[in-house]
Amino acid sequence: MKSFKIYLTVLLTVTLFFASCDKDFDEINTSKTGFVTLDPVFKLNKAIINLMEMGDRVQQLQITHWLTSPFGSSLAGVNYSQFTPAFQAFPFNSFMQSSVVTTTDIINQTKDDATRFNLYQAARIWKAYTFMILTDTYGDVPYTEAGAGYPDQATRPAYDSQQTIYTDILKELDEASAALDPAKTKISGEILFNGDVAKWKKFGYSLLLRAAMRLQEADPAKAQSYAAKAVAGGLMSSNSDNAKLLRTPEYPNPIGTEISGNEKANYYAQKEFVEYLKSTNDPRIGSYFHRFVGALNATQQTSALRTKDPTKVKGIPLGFNDVTIAQTFTAEGVVSLYDYSQFDWQVVFTNTSPQWYCTYGQTQLLLAEAIVRGWATGDAAAAYSKAVKADLERMAEFGSAAAVPSATITSYVAANPLVAGKELEMIGYQYWVVSVPNGFEAWSNFRRTGYPNLAPNPYPASEIPGQFIRRHVYPDGEFVANKANLDAAVANQGGTANTKMNGRVWWDKP
């Protein structure tokens, strides 16, 4: 009996103790300073930044033949047309773990919230843009089940075909752009357009035109239909509509940080790009390049030897490493590899240089192409001239040292009109120029149009001799963690041979 009383006493004590622990439990255990919820607009900002700050973007600039490095070791890859796992895995690993997850979360959080109507539409646009880069780079990728690891436990997402993905991207851009309503709540706190819904709407329709033109060969009827919708919806109308990410020393430009930092003596302006600009006395030469004339090594790249003189620009040819490049010195009129011209890392590739996702100049060129193809009405020559003028004016956004004088812009545009019979070629070349420094977009448009007419990298140890890098290889991690779904995607695209660096994605037709 005594033991039973002891048992009851202990039981009562424990019960009272835990009951007292429940009192004000939520209040006591809720942090007064930590985040409990996060405003989805801040998540959108993070998704916007992620697309420009992750991965090896300088390698991407080399695919487009804007610049190159003759050096190997940690810089080897595109410059030698060789496979490097880290670069090939970008942007798959980066985007899937950042912008894809983030935009999916925003959409789920805001789709039924009337007070976040415009934010919901903006997130749809950004998600479509994110996947446009991913599928342009790899072809088939997880789409329908992507970003659903936490809400749906879809840890091994199935791959969707690029055709399926583009069909939905076009739908999403069309619907979200049309739905954006400037009369409704502004997207307060958003960093791309400062919450301006009208600018988001123009951005959405400009991306829709870009996406539509990707299908020029793969599905011309669909391309024409959506191009018409984009034009009717309302495109960017000036440089003030550019989708641009501003940078500061606290939030630096990663490309500028690399090129103006420890690697600044390792990257040089590629000869094909330089020669094209020189062929028309393009004033952007003075904005983009500098040269350390007579420099024999990196330490001699000083202000005393630096020149911005457009007549002294020397582009470095492809196909050489830091030793064999000496074969070119006499013919090119330089004394060392350090004597070749570079993208000016004091002006255009600095840690505070802006980065552009989509510009008025690019959009006007796509409009000009749509008009030439009979997919839109208007004056193709006028749209072309507007694009060139806009990009020359864009140089000032790099800083006053890069600005082109107004009189120079006027005379250059007048002297270089769109020529009948050469429209698509001229538009393609100019798109290459106005896309600097957005390597993904320039690379995709080159694959789509065949312009500019570049020569494959002739490096002797190239792994794809006589061919271009046309896609990225899937990350090694996918072959382990998601093998069954990846194997199905590879088979859907024609097998292993067509998913190597020189393979073609669905819309990239021979």
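In which kind of crossing, left-handed or right-handed, does α10 pass α11? I will come to that after a word on the model, which is a predicted one, where local features need pLDDT of at least 70 and side-chain atom pairs count only at pLDDT 80 or more, while totals for chains, interfaces and linings use all residues. Residues are numbered from 1 along each chain as its sequence is written, and side-chain values use heavy atoms, with hydrogens and water left out.

Let me begin with the whole protein. Its secondary structure comes to 23 helices and 9 strands, where helices (H or I, at least four residues) and strands (E, at least two) are DSSP runs numbered from the N terminus. The C-alpha trace spans about 110 × 55 × 50 Å along its principal axes. Of the 510 residues, 54% count as buried, and here buried means under 20% relative accessible area, exposed means over 50%, and partly exposed is in between, with a 1.4 Å probe and protein chains only. Among the contacts with a separation of 6 or more, 76% are accounted for by residues 24 or more positions apart, a contact being heavy atoms within 4.5 Å.

Now to the helix pairs, and back to my opening question. The axes of helix α10 (residues 162–179) and α11 come within 9 Å and cross at roughly 155°; such axes are lines fitted to C-alpha atoms, for helices over the stretch in contact, and the angles run from 0 to 180 degrees between N-to-C directions. The two helices α10 and α11 are therefore roughly antiparallel to each other, given that angles under 35 degrees count as roughly parallel, over 145 as roughly antiparallel, 65 to 115 as roughly perpendicular and the rest as oblique. The answer is that α10 passes α11 in a left-handed crossing, that is, the near helix is turned anticlockwise from the far one by less than a right angle, whereas clockwise would be right-handed. On the α10 side the contact includes Y166, I169 and L170, and on the α11 side it includes K201, G204 and Y205. By class, the residues of this contact divide into 11 nonpolar, 2 polar and 3 charged, where Ala, Val, Leu, Ile, Met, Phe, Trp, Tyr, Cys and Pro count as nonpolar, Asp, Glu, Lys and Arg as charged, and the others, Gly among them, as polar.

Helix α11 (residues 197–214) also packs with helix α12 (residues 220–233), at an angle of about 165° and with the axes 8 Å apart. These two helices, α11 and α12, are therefore roughly antiparallel as well, and α11 passes α12 in a left-handed crossing. Y205, L208, L209, A212 and M213 of α11 make the contact with A223, Y226, A227, K229, A230 and G233 of α12, and by class that gives 9 nonpolar, 1 polar and 1 charged residues.

Not counting residues up to four places away in sequence, F289 touches A269, F273, V274, L277, K308, V313, Q342, F343 and D344.

Finally, some local features in the loops. D339 lies in the loop between α16 (329–332) and β8 (342–343), and D339 is buried, with a relative accessible area of 2%. Its contacts, again leaving out residues up to four places away in sequence, are R291, F292, V293, G294, A295, G333 and V334.

In the loop between β1 (67–68) and α5 we find S73, a residue other than glycine whose phi is positive, near 60°. S81 is found in the loop between β1 and α5, and has a positive phi of about 55° although it is not a glycine. S73 counts as exposed, at 74% relative accessibility, whereas S81 counts as buried, at 5%.

There are also cis peptide bonds to point out. One joins F90 and P91, with omega about 15°, and P91 is in the loop between α5 (85–89) and α6 (92–97). Another runs from V436 to P437, with omega near 10°, and P437 lies in the loop between α20 (423–434) and α21 (439–449).
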